[in-house]
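I am opening a notebook on this structure, and I will write down what I looked up in the order in which I looked.

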Amino acid sequence: MKKQFNRMKQLANQTLISELLVRVVSHNTHKKMVSCLQGHIGADAEKRHKKLPLTALSQAMIEGGNQLGEDSLIGKMMEVCGEAENRLASELMQHELQIEKDVLDPLSQLAEVEIPNILKQRKQLAKLVLDYDSARARWLQATKSIISGTNTQALTAKADLLKEEVDEAMNKVELCKDQLAADMYSFFSKEGDYAHYFVTLLEAQADYHRKSLTVLESVLPTIQAQQDSWNEKPAFGTGLDEHLKRSGREIALPIEACVMMLLETGMKEEGLFRIAAGASKLKKLKAALDCYTSQLEEFYSDPHAVAGALKSYLRELPEPLMTYQLYDEWIQASSVSDPDKRLQALWVVCDKLPKNNKNNLRYLVKFLAKLAQESELNKMTPSNIAIVLGPNLLWAKTEGSLAEMAAATSVHVVAIVEPIIQHGDWFFPEDVEFNVSGVFVMPTPASNHNNHLDYDSGTIERKRPGSMVGPENDTARAFSHHAHTSFSLLSSPYLQASYIR
């Protein structure tokens with residue numbers, strides 16, 4: 001009997017350390033897992049959902065979207081995102097309920113019930129063994145007393161009673177031993193089930209993330225579509241085609257707005273496009289144009305800020321208005337020595353411009369030609385305009401420093417832009433409606449221009465490629481002389497600052 005108990009005791013000692021470790025690990029894991037839950041453990045589904053931070057975020061977004069209204073892109077985005085966050089909160093709530101049921105509760109049962117019960121059985125067995133040893137020691141002492149004693153009958157009766165106690169204690173030990181053995185065998189046989197709790201955890205997390213991803217993927221196209229359909233995207237720094245498509249315009253808003261304001265108050269302003277505007281006023285005007293506001297009255301009185309905004313828009317285009325693709329062809333055309341053929345070559349390149357670029361260049365050139373008609377007052381001849389504005393219309397795709405770019409390309413750009421402005425009605429014979437969008441008030445036309453120079457004189461009849469006939473005429477020679485004279489202005493102190501764009 002004692003040998004059997006010792007074997008049982010040895011087995012119990014071997015499993016004790018393992019059981020204690022399992023209990024500690026299970027308890028700590030359960031505690032950390034509970035801290036990962038965002039809902040209140042033990043709460044029902046509805047209450048848990050209400051208490052989730054995602055639910056609070058969802059409600060705040062939806063309320064904010066309602067406050068901002070449908071006319072606000074931020075409001076639309078917040079409403080759609082708020083609904084998505086609410087769906088994510090529902091998925092999280094279901095996920096946490098599953099984790100609580102399939103992982104946390106069994107893990108708690110293992111750490112707080114099953115292993116403690118085994119440990120309790122073990123302590124109980126140890127106590128019963130002590131009781132058995134005590135009863136057996138008393139019984140052995142009684143049997144010795146019978147041999148040496150005189151009252152044999154009384155001692156024998158006492159020994160029989162003690163023997164019954166020993167037998168009863170032994171029965172209790174056997175029962176407890178069997179129960180402990182059963183509990184330990186059960187623990188070892190279920191270790192695979194206990195380990196599967198952690199597999200269940202990962203499977204539940206994977207399922208939760210899949211469902212959450214499905215929610216996000218279902219709502220992202222809607223959000224992106226609303227974002228793409230929003231027309232009020234900043235014009236500055238946005239590609240010309242994208243801006244025109246978004247705004248449904250033919251002429252870029254900054255170009256039309258600035259031209260209309262300059263037609264009203266800037267045509268006689270000396271040094272237009274050359275004299276720098278105040279930085280704060282320029283920044284304010286660009287921001288106003290970016291948000292499509294019609295409240296531009298305050299800028300009419302500052303034509304230099306308006307001219308500066310127009311230059312900034314042209315320079316901040318991702319690709320120059322006269323395009324990177326045609327850059328080499330523009331340079332080659334400007335290098336043709338014969339003046340008449342040079343104009344023909346420039347016309348050919350101009351005709352290759354993409355539709356939107358060509359329309360906006362035509363609009364701008366028509367305005368600049370009109371500006372040059374007031375050169376006696378504003379000092380902005382086609383040559384001067386080309387010097388200050390040309391580098392904002394065309395530049396190389398790969399540039400060095402500003403000074404290197406000015407030295408390397410400005411002469412060529414002036415040779416390209418100046419004749420286009422000077423002979424604008426030849427390059428673009430069709431009339432241009434400056435108030436193309438109809439949202440601006442047209443300025444009152446001047447009664448006459450007796451003092452202005454007609455820079456298109458003699459070029460209207462010039463033949464374009466495919467129909468050019470006859471030798472070089474006096475007009476071509478006059479243009480050649482004018483172009484040669486314009487290059488000498490590049491070193492004029494009056495225009496030195498104009499390279500800074």
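Which residues have the most contacts inside the largest nonpolar core? Working from what is a predicted model, I found that this core has 72 residues and that Phe 273 and Trp 330 are the ones with the most contacts inside it. I then looked up where the core residues come from, and noted that the largest share, nine residues, is supplied by helix H8, which covers residues 253-265. I also noted another core lying apart from this one, with 27 residues, including Leu 37, Val 129, Leu 180 and Phe 187.

I went back to Trp 330 and listed what it touches, leaving out residues up to four places away in sequence: Met 322, Leu 346, Val 349, Cys 350, Leu 353, Leu 394, Ile 416 and Ile 420.

**Entry: the chain as a whole**

I looked up the secondary structure and found 18 helices and zero strands in the protein chain. Of its 501 residues, 42% count as buried, and its accessible surface comes to about 26700 Å², with 54% of that belonging to carbon and sulfur atoms. For the contacts with a separation of 6 or more, I noted that 78% are accounted for by residues 24 or more positions apart.

**Entry: an enclosed helix**

Why do I call helix H15 largely enclosed by the rest of the structure? Helix H15 covers residues 382-389, and eight of its eight residues are buried, so I describe this helix as largely enclosed. The buried residues I wrote down for H15 are Pro 382, Ser 383, Asn 384, Ile 385, Ala 386, Ile 387, Val 388 and Leu 389.

**Entry: salt bridges**

My search of the whole structure gave 18 salt bridges, and I followed up several of them. In one, the side chains of Glu 100 and Arg 48 meet with an N to O distance of 2.3 Å. I noted that this pair links distant parts of the chain, with Glu 100 in helix H4 (residues 73-148) and Arg 48 in helix H2 (residues 45-51), 52 residues apart. Is Glu 100 buried or exposed? Glu 100 counts as buried because its relative accessible area is 12%, under the 20% cut-off, and Arg 48 is likewise buried, at 0% relative accessibility. I also found that Arg 48, Glu 96 and Glu 100 are linked in a network of salt bridges.

Next I looked at Lys 177, which forms a salt bridge with Glu 174, the closest N and O atoms being 2.9 Å apart. Both residues lie in helix H5 (residues 152-189), three residues apart, or about one turn of the helix. I kept in mind that an α-helix has 3.6 residues a turn, so residues three or four places apart point the same way. Lys 177 is buried at 7% relative accessibility, whereas Glu 174 is partly exposed at 22%.

Glu 374 is buried, with 11% relative accessible area.

**Entry: a region from the record**

I checked the UniProt record, an unreviewed entry, and it places the feature "coiled-coil region" at residues 152-179. In the model that span is 100% helix and 0% strand, and its end C-alpha atoms lie 40 Å apart.

**Entry: along helix H6**

Finally I looked up residues in helix H6, which covers residues 191-229 and includes Leu 220. Leu 213, Leu 216 and Leu 220 form a nonpolar patch on the surface, and together they have about 260 Å² of accessible area. Ser 212 is also in H6, but it is buried, at 8% relative accessibility, and I found it in contact with Leu 88 and Glu 91 once its neighbours within four places in sequence are left aside.

Phe 198 is another residue of H6, and at 35% relative accessibility it counts as partly exposed. It touches Thr 29 and Leu 107, not counting residues up to four places away in sequence. I also noted that the C-alpha atoms of Phe 198 and Asp 102 are 9.8 Å apart in space, although the two residues are 96 residues apart in sequence.

Terms used:
Residues numbered from 1 in each chain as written. Predicted model: local features only at pLDDT ≥ 70, side-chain atom pairs only at ≥ 80, totals over all residues. Heavy atoms only, no water. UniProt positions renumbered as here; feature names shortened; annotations may be inferred. Helix = DSSP H or I, 4+ residues; strand = E, 2+ residues; numbered from the N terminus. Core = buried A, V, L, I, M, F, W, Y, C linked by side-chain atoms within 4.5 Å. Buried < 20%, exposed > 50% of the residue type's maximum accessible area, 1.4 Å probe, protein only. Contact = heavy atoms within 4.5 Å. Patch = residues over 30% accessible without salt bridge, like charges linked within 9 Å, V, L, I, M, F, W, Y side chains within 5 Å. Areas by Shrake-Rupley, 256 points an atom, 1.4 Å probe, with all protein chains shown as cover. Salt bridge = Lys/Arg side-chain N within 4 Å of Asp/Glu carboxyl O.
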